[in-house]
Amino acid sequence: MPRAGVRAVGGKGGVGGGEGFSLIELLITLAVVAVLSGIVVPVAQTAIQRGKEQELRLALRELRSAIDQYKKAGDEGRIRTAANDSGYPANLQVLLEGEVDLRDPKQRKIYFLRRIPRDPLHPDSRLQPADTWAKRAYASGPDNPREGDDVYDVYSKSTGVGLNGVPYRQW
C-alpha cells in the first residue's frame, strides 16, 4: 500500500487522474527533437560533401599522376611516340590498356592505371568512368580548357563549389 501523498506508479488516480503525456510534454519533446535535427542534418550533409571532395582529390591525383608517368615514359623513349606528338596520351583508355615497353627485351606492356576512377561528383552513374571527366588538351590554354588530340589534364565537369570556396572545375 502506498504511503500517504505518494501516487502509485502506473496506478489510477492522483493529480489529474490520467495516464500518459500531457500536451506540454509532447510539445517540449518535439521542440528538442527539432533543434537536434536542425543541428545534425547540416553536419551530416557537410560530412557527405567532404567525403565526395576527398574522393575527387584522390581521383584527380591518380589520373594526373598516370598522365605524368605516360609523358615521362615517352620522354625516356620507353613507349612509342610520334615526332610531332605532345607525348601525352590520346585518351584515358590508353593509360588503362598500357603501351609496349620498347626497352624491355620481352616487349611487355607498361600499365599506367589499374582502373579509371569515376568523378564522384558526376550525377550520371551509367556513363563509363572516362566519360565523367572533362579533359584538357596540351594545345588549349588554362583559362579556356578544351579537348583535343591528347589528354594533358583532367578536371571535374561539376558546376558546384567546394567547401573551400573553389569551384570543382578548378581543382
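This is a predicted model: local features need pLDDT of at least 70, side-chain atom pairs count only at pLDDT 80 or more; totals for chains, interfaces and linings use all residues.
Let me start at one point in the fold, where Arg136 has Asp153 as its bridge partner in strand 4. The two strands concerned, strand 3 (residues 133–136) and strand 4, run antiparallel and are joined by 4 bridges, and the rule used here is that two strands pair if DSSP finds at least two bridges between them.

Residues are numbered from 1 along each chain as its sequence is written, and side-chain values use heavy atoms, with hydrogens and water left out.

Now the overall picture. The protein has 2 helices and 4 strands, and along the sequence they follow the pattern α-α-β-β-β-β; helices (H or I, at least four residues) and strands (E, at least two) are DSSP runs, numbered from the N terminus. Of its 171 residues, 28% count as buried, where buried means under 20% relative accessible area, exposed means over 50%, and partly exposed lies in between, with a 1.4 Å probe and protein chains only. Among contacts between residues at least 6 apart in sequence, 46% join residues at least 24 apart, a contact being heavy atoms within 4.5 Å.

Side chains of opposite charge can pair when their charged atoms come close. The structure holds 6 salt bridges, each being a side-chain nitrogen of Lys or Arg within 4 Å of a carboxyl oxygen of Asp or Glu. In one of them, the side chains of Arg64 and Asp153 meet at 2.7 Å, N to O. That pair links distant parts of the chain, with Arg64 in helix 1 (residues 23–75) and Asp153 in strand 4 (residues 153–156), 89 residues apart. Arg64 is partly exposed, with a relative accessible area of 25%, whereas Asp153, at 18%, counts as buried.

Asp75 counts as exposed, at 56% relative accessibility.

A further salt bridge joins Arg108 and Asp104, with the closest N and O atoms 2.7 Å apart. Arg108 is partly exposed at 49% relative accessible area, while Asp104 is buried at 11%.

Let me turn to the loops around strand 3. Arg146 lies in the loop between strand 3 and strand 4 and is partly exposed, with a relative accessible area of 44%. Although Arg146 and Arg136 are 10 residues apart in sequence, their C-alpha atoms are 5.0 Å apart in space. Not counting residues up to four places away in sequence, Arg146 touches Lys135, Arg136, Ala137 and Ser140.

Leaving aside neighbours within four places in sequence, Thr132 is in contact with residues including Arg118, His122 and Lys157.

Finally, the aromatic rings. A pair of aromatic rings is described by the distance of the centres and the angle of the planes. Rings of Phe, Tyr and Trp (its six-membered ring) pair if their centres lie within 6.5 Å, and planes under 30 degrees apart count as stacked, over 60 as edge-to-face and the rest as tilted. By this rule the count comes to 5 aromatic pairs. Tyr88 and Tyr138 are stacked, at 5.5 Å centre to centre and 25° between the planes. They too link distant parts of the chain, with Tyr88 in the loop between helix 1 and helix 2 (92–97) and Tyr138 in the loop between strand 3 and strand 4, 50 residues apart. Tyr88 is buried at 14% relative accessible area, whereas Tyr138 is partly exposed at 47%. Together with Tyr152, Tyr88 and Tyr138 form one aromatic cluster.
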